[in-house]
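Student: I am new to this structure. Could you walk me through it?
Tutor: Gladly; let us look at it together.

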Amino acid sequence: MVFAIEEINMNPTLLPGVTLGYRILDSCDHVHTSLQSALSLINGSSEVEESASAPHCLSRAPVPAVIGLASSTPTRAVAHILGRFEIPLISYFATCTCLTDKHVYPSFLRTVPSDAFQVQALVQLMAHFGWQWVGTIGTDEDYSLYGIQAFTELMEEWGGCVAFHHTIPKMPTPKQISAIADALEASTARVILVFATEGQLLKLLSEIARRNLTGWQWVASEAWVTAKILAAPEYQSVLSGTLGFSFRGINISGLTEFLLHVKPSPDPRSVFTNQFWEEQFGCRLTYEGNEALGQPLCSGLEDLRLVESSYTSATPVRVSYNVYKAVYAIAHALHSLLECTSVKSDQRGCNTGSEFTPGQLLYHLKKVNFTNQFGEKVYFDHNGEPVPLYDIINWQRDGKGGIRFQRVGSYDGSSPRGKQLELDDISIQWAGGQNRVPVSLCTLPCLPGTRLARQPGQPSCCFDCLSCAEGEYTNTSGATECMKCPMYYWSNPERMACVAGIEEFLSFQEIMGIILITLSLLGVAAASAVSIVFFLYRTTPIVKANNSELSFLLLLSLKLCFLCSLVFMGRPSKWSCQARQAAFGISFVLCISCILVKTIVVLLAFRSTMSGSTSLKRFGPPQQRAFIFGCTAGQVILCLSWLALAPPYPYKNTSYQGGKIVLECKDIWPLGFYLVLGYIGLLSCVCFVLAFLGRKLPDTFNEAKLITFSMLIFFAVWISFIPAYNSSPGKYTVAVEIFAILASAFGLLFCIFAPKCFIILMRPELNTKKGITGKSIK
């Protein structure tokens with residue numbers, strides 16, 4: 001500050017004819033002392049009374065502007081007092097976001113960015129490296145409390161989590177320090193953010209270094225990111241690789257020479273210089289009668305060039321540069337104020353008399369906008385904040401047993417979103433000498449094929465990874481939800497992609513299809529063989545006695561029953577879906593109608609023989625044909641109505657089994673199928689009852705027994721078919737229906753015609769009129 005003031009006083013273009021003065025007081029980083037010093041400035045009390053020859057002061061107030069303080073908590077107290085008097089207070093190091101409130105602190109400005117900007121930069125840094133599981137350490141002061149609170153909120157918005165937070169007390173005991181170290185050692189977080197000053201960290205870092213706890217990636221706030229005291233050898237194993245944001249560093253020309261020419265003085269106003277001199281050289285000055293107290297006396301001629309300390313290493317300066325900008329901001333504001341007239345501006349902002357007020361200076365401070373000799377624009381926004389500019393510092397070993405603060409990137413809060421953070425990842429040295437970016441996650445990201453599931457009561461960064469369900473997939477890591485595959489696609493076994501579903505239907509080429517085709521053709525062949533036998537022996541008594549016309553019609557219907565099963569096979573199409581049930585229903589009704597007529601004929605023939613009735617003549621071939629036609633016509637009408645109103649259609653069913661698309665015929669109106677089946681069942685029941693009534697007829701008329709047995713087989717097949725049909729999945733539903741058709745058709749064929757063919761072919765002696773009437777001699 002003194003250097004900047006003297007530089008301005010020698011500048012002929014800035015504040016010409018005006019000399020800036022200053023007064024320095026120590027706040028001791030304490031609220032009480034800070035308020036005491038502030039009130040001293042306001043009241044105008046001074047340790048040195050002004051002489052009569054003192055130069056004329058342009059300010060009506062004892063002090064028109066204040067630069068300070070460093071800590072946020074004392075700054076809040078002082079800013080609240082000075083705001084009542086409109087005295088500008090420009091801080092160079094108080095970064096708490098709480099000071100942004102202009103209603104509470106109307107005269108507060110600062111040349112250091114608010115923690116709100118630093119927190120945004122920190123969260124972007126975490127996002128850049130994928131650090132979602134971060135621990136925090138702070139103190140119970142405003143700087144730390146507000147900073148960590150803002151960081152926690154932004155981390156949660158981004159999707160990260162704060163694994164833990166530990167507060168270092170103002171006067172920590174060894175037990176408290178040990179408890180914090182124990183908690184750090186037990187945590188799974190590998191990245192730790194610290195909002196504190198170097199002095200507040202010393203005891204904790206000493207304990208961590210004593211335990212040799214390494215492997216954490218420390219992230220520093222601007223308060224300690226360039227603290228040389230923490231770069232001492234005993235902390236290097238712990239803190240090497242630290243990353244953090246610091247203020248822009250500038251090499252101020254002439255500052256080093258100015259500092260090296262500082263000398264002690266008996267002047268009471270040089271108390272700070274004298275204390276510094278004694279601590280720097282380890283001696284005691286004798287000004288004001290101070291005794292040496294066992295230490296050598298200072299000559300006052302010691303050479304600062306011969307010692308190495310943070311004081312003599314003034315390149316580049318960071319926090320001090322904020323002081324430098326604050327002094328120049330006040331100078332430019334005062335320059336603007338002194339040049340202002342009421343014609344140019346409003347009355348409040350102009351100096352109309354011989355003296356100005358702090359309020360007038362504050363007005364111009366808020367409007368300051370200039371570019372300094374380092375090419376940086378200096379101005380304050382509506383909250384009194386500067387442009388948020390940071391350097392990203394990495395603590396790197398220099399190969400000589402020391403630590404150097406290496407700049408590895410920058411942050412410019414005024415840049416567009418996404419371009420604010422610039423990092424040279426390759427040049428970063430990580431904690432523990434690693435060459436890879438540390439990983440700090442509560443749970444590793446879910447792999448492709450899985451999704452994350454929150455754990456109740458746990459932070460959002462801690463989760464379980466569950467495999468996607470069938471028909472869902474994820475092809476990225478860390479997915480929160482699985483995506484459904486498109487229709488007719490299915491997830492692969494890894495659940496990482498969708499593949500086309502395998503179409504499944506009862507094919508002619510598969511083994512089960514070949515077996516059913518073979519059985520169907522075998523049934524047709526068997527029925528044809530019986531037809532040939534009956535045709536060749538059509539003049540024999542047994543064929544004539546069994547009504548050859550009905551027999552041939554029955555054999556034809558059985559052939560149709562065997563052949564209709566083929567319509568159920570192959571890829572379903574519109575015509576096959578409509579034809580299969582109609583062909584099945586009509587073929588079986590024709591078959592059962594023929595059997596029913598044969599049963600009626602048997603009963604009428606026995607009755608006519610026994611009582612001389614003419615009923616058999618009344619139910620002759622024309623009536624038999626009409627009866628069969630009528631029964632079949634009813635089924636035809638039922639099938640046509642079903643197909644006209646609600647026809648089945650081809651349908652791709654994906655609900656049976658994962659990864660398979662079952663091609664089937666879907667019934668819009670399932671009741672239509674059961675009506676067709678019920679009509680067949682009704683005729684079968686009538687046939688069975690009539691055949692059962694004639695089961696005890698003489699052996700000569702054994703047709704009723706054969707029909708009864710064939711109906712029993714028919715019922716057994718179709719009664720077992722219904723539950724099997726409803727419970728069979730996919731293509732096996734079709735296979736069950738085909739099997740029922742073939743089984744019932746074979747049952748009818750063999751039960752009715754096998755005994756007759758046996759007599760015709762194997763026992764021709766029974767195929768005579770006497771054999772049929774039972775009068776043949778055995």
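Student: Does Arg495 count as buried or exposed?
Tutor: This is a predicted model, where local features need pLDDT of at least 70, side-chain atom pairs count only at pLDDT 80 or more, and totals for chains, interfaces and linings use all residues. Residues are numbered from 1 along each chain as its sequence is written, and side-chain values use heavy atoms, with hydrogens and water left out. Buried means under 20% relative accessible area, exposed over 50% and partly exposed in between, with a 1.4 Å probe and protein chains only. Arg495 has 16% relative accessibility, so this residue counts as buried.

Student: Where does Arg495 lie?
Tutor: Helices (H or I, at least four residues) and strands (E, at least two) are DSSP runs, numbered from the N terminus. Arg495, which is not a glycine, has a positive phi of about 60 degrees. Its place is the loop between strand E18 (489-491) and strand E19 (498-500).

Student: Which residues of helix H1 are buried?
Tutor: Helix H1 covers residues 2-9.

Student: Which residue does a cis peptide bond join to Gly68?
Tutor: The omega of this bond is about -5 degrees.
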